[in-house]
Amino acid sequence: MITSSPLIQSLLASRDDVINNPEVNSFRAKEQECLYLLKRCNNIEEFKQVHAKFIKLSLFSSSPFSASSVLATCAHSGWENSMNYAASIFRGIDDPCTFDYNTMIRGYVNETSFEDALCVYSEMVEEGVEPDNFTYPFVLKACTRLKSVREGKQIHGHVFKLGFEADVFVQNSLINMYGRCGEMTLSSAVFERMESKTAASWSSMVSARAGVGMWSDCLMLFREMCRETGLKAEESGMVSALSACANTGALDLGMSIHAYLLRNISQLNIAVKTSLVDMYAKCGCLDKALRIFKKMESRNSLTYSAMISGLALHGEGEAALRMFSEMIEQGIESDHVVYVSVLNACSHSGLVKEGRRVFEDMLKEGKVEPTAEHYGCLVDLLGRAGLLEEALETIQNMAVEHNDVVWRSFLSSCRVHENVELGKVAARELVKLSSHNPGDYLVISNMYAQAQMWEDVARVRTEMANKGLKQTPGFSIVEVKGKTHRFVSQDRFHPQCKKIYKMLHQMEWQLKFEGYTPDVTQVLLSVDEEEKRERLKGHSLKVALAFALLYTPPGSIIRIARNLRMCSDCHTYTKKISMIYEREIVVRDRNRFHLFKGGTCSCKDYW
């Protein structure tokens with residue numbers, strides 16, 4: 001027998017007199033009474049007692065409104081196991097209406113049970129219950145999260161058939177669904193056909209591009225929205241734009257968005273603040289990221305993950321570990337993402353002992369199942385430290401299936417430490433996995449080139465060409481006066497090309513007095529020494545650095561973002577330039593930051 005809680009007992013006692021009074025003992029009074037109780041439920045136990053009251057008074061079976069209210073309260077409550085109970089209530093409704101189906105779909109989507117949401121929608125269609133414009137935003141969100149573009153297209157057909165193609169909420173959901181599923185042409189087509197584009201429509205376009213990593217397109221759309229429409233972006237669009245700034249190093253735009261938020265929104269939510277922390281950290285402003293983080297009244301695992309990742313990017317491994325300990329003390333549970341961030345922090349700072357301990361603690365706690373990504377972080381940690389045999393043993397003893405990520409990390413370590421024999425092991429495994437990543441072949445080729453095994457270099461390059469794999473060119477991006485400038489190696493296409501190369505010549509002349517000698521071993525081609533020296537001069541980082549020295553104020557910080565890891569020659573070069581020109585230079589390569597100042601680097605030459 002279920003014992004009523006004190007709240008339910010008091011409410012029932014105070015209201016039973018009204019229900020049992022012959023003068024007001026009408027069906028309507030009973031219904032209003034139970035609906036009143038329904039609103040006062042604080043947990044699933046109280047709810048079940050009120051549900052029983054509905055059944056006892058025959059309200060559930062005789063009043064569709066009461067049945068729908070009971071279902072909606074349970075499905076949207078967020079209580080533990082509430083959707084399981086809501087499903088049992090739904091099955092007890094003799095003739096569920098559109099509202100009831102929408103309730104279940106929305107409840108499953110909010111609970112992230114996206115497949116269940118689509119199953120309810122399929123049942124709805126099969127039963128001949130007609131969806132409305134409230135049905136489709138949630139159904140399309142389920143397709144988005146599942147990347148189910150095939151089902152999304154079928155649902156789009158239903159939208160047309162039922163005449164909801166002009167509904168702005170449905171259109172925005174279609175834009176987002178197609179975009180996040182990689183169907184950019186269809187996403188744009190829906191957007192272009194809209195007669196009246198709202199801020200939400202633009203935000204959907206921006207978010208869709210951000211969702212698949214099209215950061216440049218994301219920023220282009222965001223700027224177009226602000227410039228041409230005068231619309232104020234929604235917070236979701238702002239979050240996406242901040243993510244794009246973080247991933248392209250567009251600090252000036254990111255700061256402008258931050259200023260806009262402060263002017264127009266009185267209280268920023270946790271998602272926006274977390275995005276600001278991530279943006280500032282990834283754009284090289286670690287101090288600003290920390291200030292925002294420390295002022296936050298509440299934080300979640302994503303916030304801590306963003307801050308830990310930021311510290312890792314800047315080589316602050318010990319600070320990242322302290323932040324991780326603080327998070328545990330605050331009672332916030334670690335998740336998959338947090339552990340990846342912490343392990344990366346250890347890897348970037350050479351904290352082998354600490355990284356091993358974090359990984360072992362994760363296994364002992366058992367709350368987060370180790371994935372290939374976690375093992376990849378551990379392999380990277382060991383490989384960077386030169387512990388290649390231990391790294392290989394870790395791969396061989398993985399509790400999950402090997403994938404290309406762990407072998408790619410191991411291969412990179414073998415190249416850095418010039419261990420061709422173990423590198424061959426990694427190369428064979430990547431080929432077995434049918435790798436079509438051109439980067440894998442380039443690393444293998446470079447490993448052989450370092451060992452001057454030119455026949456093997458030619459073989460790998462030929463195999464790469466036969467498979468139609470093209471090399472992604474390295475590039476460096478520098479932001480000047482709010483505009484980003486992108487340079488590739490030996491770049492001759494910039495309008496200021498002549499001035500840039502004149503500056504490069506001047507820099508090279510001054511470097512000679514500081515004892516700089518080009519490290520020609522970084523040119524992995526079978527050419528003479530003079531050709532190697534010429535190729536080194538035009539590395540994209542050096543070109544971007546020359547441009548920044550020309551067009552940024554003296555004494556200001558230079559910020560450069562790269563898509564590839566910088567070579568050791570560029571690293572030495574930039575250290576000396578920071579001393580000669582008395583400039584702080586922040587370089588973000590593929591996965592970390594280097595702060596060059598006074599001839600030294602924050603990475604302590606460990607990267």
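Predicted model: local features only at pLDDT ≥ 70, side-chain atom pairs only at ≥ 80, totals over all residues.
# A walk through the strands, helices and contacts

Four bridges join strand β3, residues 558-562, to strand β4, and the two run parallel. Hello everyone, and thanks for coming.

Strand β5 covers residues 593-597, and β4 and β5 pair in the antiparallel sense over four bridges. What joins β4 to β5? A hairpin does, through four residues.

Next, please turn to strand β4 itself, residues 585-588. Are its faces covered or open? Both are covered: Ile585 and Val587 lie on one side, Val586 and Arg588 on the other, and all of these are buried.

Carry on from β5 and you meet strand β6, residues 600-601. Two bridges join β5 to β6, and they run antiparallel. Here Phe596 has Cys601 in β6 as its bridge partner. These two strands form a hairpin as well, with two residues between them. If you look into that turn, you will find Gly598, which has a positive phi of about 60 degrees.

Let's go to the helices.

Helix α5 runs over residues 64-75, twelve residues in total. From its first C-alpha to its last it reaches 16 Å, close to the 16 Å expected at 1.5 Å a residue. Where does this helix sit? Nine of its twelve residues are buried, so α5 is largely enclosed by the rest of the structure. Among the buried ones are Val70, Leu71 and Cys74, and the list also includes Ser66, Ser68 and Ser69.

Now a word on the record. Over residues 269-299 the chain is 74% helix and 0% strand, with the end C-alpha atoms 10 Å apart. Residues 300-334 come out at 74% helix and 0% strand, and there the end C-alpha atoms lie 10 Å apart.

On to the aromatic rings. How many aromatic pairs does the structure hold? There are 14. Take Phe293 and Tyr304, which form an edge-to-face pair, 5.2 Å centre to centre with 80 degrees between the planes. This pair links distant parts of the chain: Phe293 is in helix α18, residues 286-295, and Tyr304 is in helix α19, residues 301-313, eleven residues apart. Both Phe293 and Tyr304 are buried. Elsewhere, Phe47, Trp79 and Tyr85 form one aromatic cluster.

Rings can meet charges here too. The charged end of Lys197 sits over the ring of Phe191, 5.1 Å from its centre. Arg492, for its part, lies over the face of Tyr501, at 3.8 Å from the ring centre.

Last topic: salt bridges. The count comes to 16. In one of them, the side chains of Glu123 and Arg91 meet at 3.0 Å, N to O. That pair links distant parts of the chain, with Glu123 in helix α8, residues 114-126, and Arg91 in helix α6, residues 82-91, 32 residues apart. How open are the two partners? Glu123 has 22% relative accessibility, so it counts as partly exposed. Arg91 has a relative accessible area of 55% and is exposed.

Lys282 forms a salt bridge with Asp278, and the closest N and O atoms are 3.4 Å apart. Both lie in helix α17, residues 270-282, four residues apart, about one turn of the helix. Are Lys282 and Asp278 buried or exposed? Both are buried.

Helix α26, residues 420-432, holds another example: Lys432 and Glu429, three residues apart, about one turn of the helix. Their side chains meet in a salt bridge at 3.5 Å, N to O. Lys432 is exposed, with a relative accessible area of 63%, while Glu429, at 23% relative accessibility, counts as partly exposed. And to finish, salt bridges that share partners join Asp404, Arg408 and Asp440 into one network.

Thank you, and I'm happy to go back to any part of it.

Technical notes
Residues numbered from 1 in each chain as written. Heavy atoms only, no water. Phe/Tyr/Trp six-rings, centres within 6.5 Å; stacked < 30°, edge-to-face > 60°. Buried < 20%, exposed > 50% of the residue type's maximum accessible area, 1.4 Å probe, protein only. Lys NZ or Arg CZ within 6 Å of the ring centre and 35° of its normal. Expected span 1.5 Å × (residues − 1). Salt bridge = Lys/Arg side-chain N within 4 Å of Asp/Glu carboxyl O. Pairing = 2+ DSSP bridges.
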